[in-house]
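The sequence and the structure are shown below.

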Amino acid sequence: MARPKVKKMPVLKNIISTKQRMRRFITGSPEMIRRTEEIYRAVLGFYLDVIHDNLDKLPEWDRNSGTRALEKLTVRTEPRMNRKTGKPFGGNPNPPYPIDAVWPKFPAYLRRAIISKAIGMAKSWHSNYQRWLRKKERIQDRNERRVAEGKKPICRG
């Protein structure tokens, strides 16, 4: 009886280590990479501050709507002209937190990656904070019950 042919996994040729890959893809001086990291962290801090100022709107944000909302708050755009009427429409000439005042001509792809990172960090902080508040409330309720029963309160919270 003939065996059915079984596809084998392809053999990966020329497997290289992560260090070799990093050396191939990262070109430029260590100083340039360090400077890029500094700018990245500064812009990330800027967006975290913007999110902090608008924290009441955060829970309903996902990455896409959050990116649009933060870009409306920070990115200056010129109005476009309506072809039919010839009147300007849209645009955001005066955002409340203009990023181009500090970092002019900042690349959009990097800005959007930073916005996604900032939204993720802020949402994580917000959910951890809400969890901490619920835990604190449970401990306070438990302490009140213990005191009512004549026991010592737990010294947490």
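## Packing of helix 3 on helix 4

Helix 3 (residues 63-74) packs with helix 4 (residues 108-148) at an angle of about 115 degrees, and their axes are 9 Å apart. The model is predicted. Angles of 65 to 115 degrees count as roughly perpendicular, and helix 3 and helix 4 are therefore roughly perpendicular to each other. The crossing of helix 3 past helix 4 is right-handed.

The table lists the residues that make this contact.

| Helix | Residues in the contact |
|---|---|
| Helix 3 | Arg63, Gly66, Thr67, Leu70, Glu71 |
| Helix 4 | Arg111, Arg112, Ile115, Ser116, Lys117, Ile119, Gly120 |

By type, the residues of the contact of helix 3 with helix 4 comprise 3 nonpolar, 4 polar and 5 charged.

## Leu55

Leu55 lies in the loop between helix 2 (30-53) and helix 3. Apart from neighbours within four places in sequence, Leu55 contacts Trp125 and His126. The C-alpha atoms of Leu55 and Ala122 are 8.7 Å from each other, although the two residues are 67 residues apart along the chain.

## The whole protein

The protein has 4 helices and 2 strands, in the order α-α-α-β-β-α along the sequence. Of its 157 residues, 19% count as buried. The accessible surface of the protein is about 13,100 Å², and carbon and sulfur atoms account for 56% of that surface. Among contacts between residues at least 6 apart in sequence, 55% join residues at least 24 apart.

Definitions and conventions:
Residues are numbered from 1 along each chain as its sequence is written. This is a predicted model: local features need pLDDT of at least 70, side-chain atom pairs count only at pLDDT 80 or more; totals for chains, interfaces and linings use all residues. Side-chain values use heavy atoms; hydrogens and water are left out. Axes are lines fitted to C-alpha atoms, for helices over the stretch in contact, and angles run from 0 to 180 degrees between N-to-C directions. Angles under 35 degrees count as roughly parallel, over 145 as roughly antiparallel, 65 to 115 as roughly perpendicular and the rest as oblique. A crossing is left-handed if the near helix is turned anticlockwise from the far one by less than a right angle, and right-handed if clockwise. Contact means heavy atoms within 4.5 Å. Ala, Val, Leu, Ile, Met, Phe, Trp, Tyr, Cys and Pro count as nonpolar, Asp, Glu, Lys and Arg as charged, and the others, Gly among them, as polar. Buried means under 20% relative accessible area, exposed over 50%, partly exposed in between (1.4 Å probe, protein chains only). Accessible areas come from the Shrake-Rupley method with a 1.4 Å probe; for residues, only the protein chains shown count as cover.
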